[in-house]
Amino acid sequence: MSISLIETIQKNLGYPEIKKIDPNTDHAQLAGNGFTEYNLGQAAIPAILLSMCKYTQKDIGAKEVLCGDISTDWLHLLLGKKRDEAIGQIAAYAATSDEAASGKMQAIAVEAVNVIRKSDPLTLNDVKLLLANEKNNILLYLPPALHFGFLLEDNALDDNTHKMEGPVSSLVNAIGNLFSGGEREEEEEKNKRESHF
């Protein structure tokens, strides 16, 4: 089943349609000054999904998304010690309180897990693959003002080349994903060898 996590979550939770970031201007058009559901969705939906992409790179994260307790504190699992910083950044972007942003971010994470589970992944690799395949699309919506790549310790997320579309950009991003997937497999293989000793 092919899904767009961004569009599905936005519709299921009733957010206004969020926009792709213009790589030339480095921003999406904000809906206005002050708090709007649009600004909150624009920041929180891609931020949570990218956090989930990173979290599910390891088997334990993919397993939690596949069959863990849906009522868990997803923000703590996805962001760890960076949880409060992430909430603060999204709250500032949306001009709302940390408490309001936190509640909305948790709801987005729960909905993302529900959508992933409804797509019927059978294995941990299915979860990993679904999120890996969505990553480049998710990046198109991530506001650079959040500096979320820095927060997740993945500076490539803030790189504008990921926000460009077209055949050449798609090819470059696919090659990058191929290499990062190979590195992940090498790391998993190394960890397996070390655990045998």
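Asp73 is partly exposed, with a relative accessible area of 36%, where partly exposed lies between buried (under 20% relative accessible area) and exposed (over 50%), using a 1.4 Å probe and protein chains only. The model is predicted, so local features need pLDDT of at least 70 and side-chain atom pairs count only at pLDDT 80 or more, while totals for chains, interfaces and linings use all residues. Residues are numbered from 1 along each chain as its sequence is written, and side-chain values use heavy atoms, with hydrogens and water left out.

**Salt bridges**

- The structure holds 6 salt bridges, each being a side-chain nitrogen of Lys or Arg within 4 Å of a carboxyl oxygen of Asp or Glu.
- Asp73 pairs with Arg83, their closest N and O atoms being 3.9 Å apart, and this pair links distant parts of the chain, with Arg83 in helix H5 (residues 83–94) and Asp73 in the loop between H3 and helix H4 (74–79); helices are DSSP runs (H or I, at least four residues) numbered from the N terminus.
- Lys128 forms a salt bridge with Asp59, with the closest N and O atoms 2.4 Å apart, and the two residues, in helix H7 and helix H3 (residues 59–67), are 69 residues apart.
- Lys128 counts as buried at 10% relative accessibility, whereas Asp59 counts as partly exposed at 41%.

**Positive phi angles**

- Asp120, in the loop between helix H6 (98–118) and helix H7 (124–139), has a positive phi of about 60° although it is not a glycine, and Asp120 counts as exposed at 58% relative accessibility.
- Glu153 also has a positive phi, near 60°, and is exposed with a relative accessible area of 62%.
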